[in-house]
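Please view the sequence and the model first.

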Amino acid sequence: MTATLMTGTDLAAEMVAKAADRARALQERTGVQPCLATVLVGDDPASATYVRMKQNRSKKAGIGSRSVVLPAETTTEELVAELTKLSEDPAVHGILLQHPVPAQIDERAAFEAIDPAKDVDGVTTRSFGAMAFGEPGFRSATPGGIMRLLEAYDVPIAGAHAVVIGRSPILGKPVGMLLLASNATVTYTHSRTTDLPAIVRTADIVVAAVGRANFVQGDWLKPGAVVVDAGYNEGNVGDVDFAAAAEVASLITPVPGGVGPMTIALLLEQAVDAAEAQTV
Ligand code: NAP
């Protein structure tokens with residue numbers, strides 16, 4: 001392997017430790033403990049694991065958690081009502097709706113029921129718009145975590161060509177906007193893109209956000225490219241063929257231990273930001 005590993009574990013631990021200090025200070029000063037509400041709809045085991053991980057990390061950081069679990073047959077109206085209730089509850093400072101929700105639910109309507117002041121996962125159109133215009137607001141957690149990782153590893157972004165594979169509202173689209181805001185030249189690709197390998201070969205930075213195990217091949221990469229693998233597939237496998245890519249890239253994120261811990265760290269940091277803003 002010739003690439004250097006871009007790990008998120010230590011950086012995320014530092015971020016969580018700082019968030020924990022701030023949570024403690026807020027509680028000492030005001031008696032208010034930051035509280036993150038998690039909402040899980042249905043019984044998808046992977047989603048249940050993600051939510052449990054987020055709750056455990058919250059607890060370790062001194063952030064209280066409120067857990068709402070709804071049945072798989074929940075309607076859009078029922079989910080919107082639950083999210084509205086949490087949005088209006090002064091004891092809840094941040095709200096995370098675990099994505100994806102069951103197919104019968106209008107996910108966008110559900111996200112929009114989250115008060116933007118509590119949108120610590122950065123999923124509302126208000127948060128997206130603020131991020132796209134460079135205004136203050138909560139960042140989408142995984143994209144925000146990716147940017148912090150690139151900054152920590154001093155990856156030159158201004159003027160670089162970044163190719164984002166995937167355009168989901170929680171990952172591909174916002175990470176492209178953040179790269180653009182940092183003056184990268186951004187190309188979005190998706191399932192209708194023709195000759196994806198040729199486009200990826202022109203990238204200085206590749207962000208893989210596809211949801212298909214080992215999808216990005218080593219011979220798609222320009223030598224020295226920086227590879228961010230946001231994918232997380234069954235068996236702890238990313239969206240990039242790691243062994244092959246690590247022979248060509250200059251920097252590469254491992255899966256697990258790359259983007260995943262950064263996502264949770266940013267979520268917790270933003271939960272404390274929200275609690276401070278709503279308390280002080
Ligand atoms: P998603 O909503 O399913 O979106 C996948 C994207 O990939 C879509 O835009 C889709 O294009 C595109 N795509 C699918 N097949 C393609 C192909 N053959 N060529 C090019 N693009 C293709 O997934 P997501 O929620 O963004 O998640 C993506 C991955 O990131 C998953 O592995 C997920 O587990 C992982 N993830 C990780 C974290 C973390 O914290 N590490 C957080 C969230 C997600 P269309 O738009 O054309 O359909």
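UniProt positions are given in the numbering used here, feature names are shortened, and annotations may be inferred rather than shown by experiment. The model is predicted.

In an unreviewed entry, UniProt lists residues 140-278 as "domain: Tetrahydrofolate dehydrogenase/cyclohydrolase NAD(P)-binding". The span is 37% helix and 14% strand. Its end C-alpha atoms lie 20 Å apart.

G166 sits in the loop between strand 5 and helix 7. R167 is found in the loop between strand 5 and helix 7. Buried means under 20% relative accessible area, so G166, at 11%, counts as buried. R167 has 40% relative accessibility and therefore counts as partly exposed.

| Residue | Relative accessibility | Contacts |
|---|---|---|
| G166 | 11% | G172, K173, Y188, T189, A209 |
| R167 | 40% | G172, K173, T189, H190, R192 |

**Helix 7.** This helix spans residues 172-181 and is mostly covered. Seven of its ten residues are buried. They are G172, P174, V175, G176, M177, L178 and L179. What covers the buried residues of helix 7? The cover includes helix 5 (125-132) and helix 6 (141-152). Strand 5 (161-165), strand 6 (185-189) and strand 7 (205-208) also contribute. G172, one of the buried residues, touches G166 and is in contact with R167. N183 follows helix 7, and its phi is positive, near 70 degrees.

Terms used
Residues numbered from 1 in each chain as written. Predicted model: local features only at pLDDT ≥ 70, side-chain atom pairs only at ≥ 80, totals over all residues. Heavy atoms only, no water. Buried < 20%, exposed > 50% of the residue type's maximum accessible area, 1.4 Å probe, protein only. Helix = DSSP H or I, 4+ residues; strand = E, 2+ residues; numbered from the N terminus. Contact = heavy atoms within 4.5 Å. Lists of a residue's contacts leave out its neighbours within four places in sequence.
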